[in-house]
Amino acid sequence: MGNHFLTLSLLLVIVCVCVSIITTKLNPKEAIVSPSDSNPIEIHGVKILRQPSDSKLAQLGVSSWPKWEGGPSKFPWTFKKTETMYFVEGKIKVNVDGYDREEDVFEIGKGNVVVFPKDMKVVWEITEAVKKHYSLED
């Protein structure tokens, strides 16, 4: 019985690793939130990976993405394409359209990889100047 359990456990680990590798090869940005990451979360359709490892950032190719900077401000924004971003500095409060209670607002910032889906409407409140890398997809 013990050998069967060990064999099944090993098989499960191998399958999980293979699925992770295949998913990453097909679309690395969709692999941002995976069971192997330490704290993946999703809030109102926004995927957030807090403090990813250097190897995860390298896997995503973050250093080759365009850069954007912005100072403290508040403005509405509609994502015309799916946008993946990595925050080098700063802090933002995000209010997703349709989630209008004060407790629905959440914060993202330095050290986060975040994915906003295409056509999502938000209000961004930059509370600390932001520097980010970003990548756009259809």
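User: Which residue does Asp-104 form a salt bridge with?

Analyst: Arg-101. The closest N and O atoms of the two are 3.2 Å apart. Bear in mind that this is a predicted model.

User: Is Asp-104 buried or exposed?

Analyst: Asp-104 is buried, because its relative accessibility is 8% and the cut-off for buried is under 20%. Arg-101 counts as exposed, at 51%.

User: Which residues are joined with them in one network?

Analyst: The network consists of Arg-101, Glu-103 and Asp-104, joined by salt bridges that share partners.

User: How many salt bridges does the structure hold?

Analyst: Four. One of them is between the side chains of Lys-132 and Glu-83, at 2.7 Å from N to O. That pair links distant parts of the chain: Lys-132 is in strand β8 and Glu-83 is in strand β5, 49 residues apart.

User: Are those two buried or exposed?

Analyst: Lys-132 is buried, at 7% relative accessibility. Glu-83 is also buried, at 7%.

User: What about Glu-128, which residue does it form a salt bridge with?

Analyst: Its partner is Lys-91, with 3.6 Å between the closest N and O atoms. Glu-128 is partly exposed, at 40% relative accessibility. Lys-91 is partly exposed too, at 29%.

User: Switching topic. How many helices and strands are there?

Analyst: Two helices and eight strands. Along the sequence the order is α-β-β-α-β-β-β-β-β-β.

User: Over how many bridges do β5 and β8 pair?

Analyst: Thirteen: β5 (residues 82-96) and β8 (residues 121-137) are antiparallel and pair over 13 bridges. Within that pairing, Glu-89 has Lys-131 as its bridge partner, and Met-85 stands opposite Tyr-134.

User: Which other strands are joined to β5?

Analyst: Strand β7 (residues 112-116) is joined to β5 by four bridges, running antiparallel. Strand β6 (residues 106-109) is likewise antiparallel to β5, with four bridges. In β6, Glu-107 stands opposite Lys-93.

User: And which others pair with β8?

Analyst: Strand β3 (residues 67-70) pairs with β8 over four bridges, antiparallel. Strand β4 (residues 73-78) is joined to β8 by six bridges, also antiparallel. Glu-69 stands opposite Lys-131 of β8, and Lys-74 stands opposite Glu-125 of β8.

User: How much of the chain is buried?

Analyst: Buried residues are 33% of the 138 in the chain. The accessible surface is about 8800 Å², and carbon and sulfur atoms account for 57% of that.

User: How many residues does the largest nonpolar core have?

Analyst: It has 17 residues, and Val-94, Ile-108, Phe-116 and Trp-124 have the most contacts inside it. Strands β2 (46-50), β5, β6, β7 and β8 each supply at least two residues of this core. The largest share, five residues, comes from β5.

User: What is Val-94 in contact with?

Analyst: Leaving out neighbours within four places in sequence, the contacts of Val-94 include Ile-108, Phe-116 and Trp-124. Asp-104, from the salt bridge with Arg-101, is in contact with Val-94 as well.

User: What lies apart from that core?

Analyst: Another core, of seven residues, including Leu-60, Trp-65, Tyr-86 and Val-113. In soluble globular proteins, nonpolar side chains tend to be buried together.

User: Why does Tyr-86 count as buried?

Analyst: Because its relative accessible area is 16%, and buried means under 20%. Tyr-86 is placed in strand β5, and its bridge partner in β7 is Val-113.

User: What else does Tyr-86 touch?

Analyst: Not counting residues up to four places away in sequence, Tyr-86 touches several residues, among them Pro-52, Leu-57, Val-62, Trp-65, Val-113, Lys-131 and Lys-132. That Lys-132 is the salt-bridge partner of Glu-83.

User: How far apart are Tyr-86 and Tyr-134?

Analyst: They are 48 residues apart in sequence, and 6.4 Å apart in space from C-alpha to C-alpha.

Definitions and conventions: Residues are numbered from 1 along each chain as its sequence is written. This is a predicted model: local features need pLDDT of at least 70, side-chain atom pairs count only at pLDDT 80 or more; totals for chains, interfaces and linings use all residues. Side-chain values use heavy atoms; hydrogens and water are left out. Two strands pair if DSSP finds at least two bridges between them. Buried means under 20% relative accessible area, exposed over 50%, partly exposed in between (1.4 Å probe, protein chains only). Accessible areas come from the Shrake-Rupley method with a 1.4 Å probe; for residues, only the protein chains shown count as cover. Contact means heavy atoms within 4.5 Å. A nonpolar core is a set of buried Ala, Val, Leu, Ile, Met, Phe, Trp, Tyr and Cys residues joined through side-chain atoms within 4.5 Å.
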